[in-house]
2 protein chains.
Amino acid sequence: MYDGSFSVRMAAVVLLSGGLDSVTTLFVAKAEGHEIYCISFDYGQRHRFELQCATEQARRAGALEHHTVKIDPVLFQDRSSHSATALIAGGAAVPENRSELLTGAAEKQIPVTYVPARNLLFLAYALSFAESRSAGYLYIGANALDYSGYPDCRPAFLQSFETTANLGTKAGIEGQGFSLKAPLVDDTKADIIRRGLKLGVDYSMTSSCYQPSDKGRPCGRCDSCLLREKGFAEVGVEDPLLLKDLA
Amino acid sequence: MYDGSFSVRMAAVVLLSGGLDSVTTLFVAKAEGHEIYCISFDYGQRHRFELQCATEQARRAGALEHHTVKIDPVLFQDRSSHSATALIAGGAAVPENRSELLTGAAEKQIPVTYVPARNLLFLAYALSFAESRSAGYLYIGANALDYSGYPDCRPAFLQSFETTANLGTKAGIEGQGFSLKAPLVDDTKADIIRRGLKLGVDYSMTSSCYQPSDKGRPCGRCDSCLLREKGFAEVGVEDPLLLKDLA
């Protein structure tokens, strides 16, 4: 018989960047019956417009809470270094027009857009948030296919994090523990978009570009723009973000 | 032959709360030949005085950088809950005069001073900081003996974190990876104090109490005060903190 506690354990914390993958993940988690908590991160990324998308999508998904955590980018970036992550202003330039991405030839290298231990830090925050709310699930939009170069998007890392989370928490030791879900991990970008469209995801309110304008206009040249464009082309629909008036 | 790169990889990030254990760990790391980076956390703990100790000890140890990271306590603490962690104002009361602690009878339970997934989050921050500085070592003052109740102080958790860290980072995949050191994990409080005294640690500038006065006067009744008192008594020296004029 339903006693209420199941409902509590069924709550999930979703890592929500505001990008195409994490917003799809949010609606997958909702469709799988979870009550939703969302967490986003402001770490000095060039693409801060995504945080507006995250806030709006968390609202639409009926999240019980949504927190945007500020992380001092100095922890990701040595101020004296010039080879530092391209995702934060002051780092390397964002690579553009890397057509080799689209053929899979670029897959084996870790891109300069890698941010040191980012997903581990984001997941750790999500775990504290989840444990304090008695939520038993963490959802992450990690994808190993387009960017198998990111070490912290690979299933081996995600599985290891889940193990560590269950060893290092009260809920893991005494309770039912945590499940880490990465529902998109093996999907192509086109698979993800098809799945999201079926769930009614509004992709006009998602941001993928690594260096958009303040109002969210994508550059159309960075890796993330190229992969998104390819995905929509394969699905055969226009990207609704490009139909908006973004100065 | 020494080529300089060894020196860089020999750098260590020390998790420095400003307590007796972490300050001892800092000077152990220094004695083991590492260049030192320190990281501390302000998460709304009642015992914020420890952060002043951390800053002063990092300076004395000649740390290359010391960052105090602010973490919104809402992530550790459901605002609507009254059973929440005792370490943050608004949570449960800090337990006092638990003499069973000193006999080992209290060891099997997770204390109410547990903070959800705290050490995992702190270690994740330390890892981002370490990777961005090309430091290959993380030091934590975790101790499994006095408080085997804390899941995130146990060797099984720490080992799993190290594995996860090496799976989820560029330095772990392509480079020499990370070693997580917990040099005090099996020591008694008296062992720790003896070790620190040999290294010249000034314990008058460490804070252990869970609810000290603003100027750092310990309450003398919380678990942490009792264990510290027992440790100094076993070593047979007076705790220099108690000799200071702390209003």
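## Where the two chains meet

In this predicted model, 39 residues of chain A are in contact with 41 residues of chain B. On the side of chain A that touches chain B, at least two residues each come from strand 3 (65–70), helix 5 (118–132), helix 6 (155–167) and helix 7 (170–174) of chain A. Among these elements, helix 5 of chain A gives the most to that side, namely ten residues. Sorted by class, the side of chain A that touches chain B consists of 21 nonpolar, eleven polar and seven charged residues.

## How the copies are related

Two copies of a chain are related by a rotation about an axis and a shift along it. Here, chain A is superposed on chain B by a rotation of 180 degrees with 0.0 Å of shift along its axis, and the RMSD is 0.0 Å. The two copies are therefore related as by a two-fold rotation axis. The same surface serves both copies, since 100% of the contact residues of chain A recur in chain B.

## The sheet of chain A

Strands of a sheet pair through backbone hydrogen bonds, either parallel or antiparallel. Chain A holds an open sheet of five strands, in the order 3-2-1-4-5, and the pairing is parallel. Strand 3 and strand 5 (179–181) of chain A are the edge strands, each of which pairs on one side only. On average, and with direction ignored, neighbouring strands of this sheet are turned by 20 degrees against each other.

Strand 2 (residues 36–42) of chain A pairs with strand 3 of chain A in the parallel sense over six bridges, and Y37(A) stands opposite E65(A), a residue of strand 3 of chain A.

## The nonpolar core

The largest nonpolar core has 141 residues, and of these A126(A), L138(A), A126(B) and L138(B) touch the most other members. When residues up to four places away in sequence are not counted, A126(A) touches V13(A), L15(A), I39(A) and L138(A).

## A buried loop residue

Between strand 2 and helix 3 (49–60) of chain A runs a loop that contains H47(A). Is H47(A) buried or exposed? H47(A) counts as buried because it has 22 C-beta neighbours inside 10 Å, where 20 or more are required.

Leaving aside neighbours within four places in sequence, H47(A) is in contact with S207(A), C209(A), Y210(A), Q211(A) and P212(A). A165(A), by contrast, lies 118 residues from H47(A) along the chain, and the C-alpha atoms of these two residues are separated by 29 Å.

Technical notes. Residues are numbered from 1 along each chain as its sequence is written. Chains are lettered from A and ligands numbered from 1 in the order in which they are written. This is a predicted model: local features need pLDDT of at least 70, side-chain atom pairs count only at pLDDT 80 or more; totals for chains, interfaces and linings use all residues. A nonpolar core is a set of buried Ala, Val, Leu, Ile, Met, Phe, Trp, Tyr and Cys residues joined through C-beta atoms within 7 Å. A residue is buried if 20 or more other C-beta atoms lie within 10 Å of its own, exposed if 12 or fewer, and partly exposed in between; C-beta atoms are placed from the backbone. Two residues are in contact if their C-beta atoms, placed from the backbone, lie within 7 Å. Copies are superposed by least squares on the C-alpha atoms of residues with pLDDT of at least 70 in both. Helices (H or I, at least four residues) and strands (E, at least two) are DSSP runs, numbered from the N terminus. Ala, Val, Leu, Ile, Met, Phe, Trp, Tyr, Cys and Pro count as nonpolar, Asp, Glu, Lys and Arg as charged, and the others, Gly among them, as polar. Two strands pair if DSSP finds at least two bridges between them. Axes are lines fitted to C-alpha atoms, for helices over the stretch in contact, and angles run from 0 to 180 degrees between N-to-C directions.
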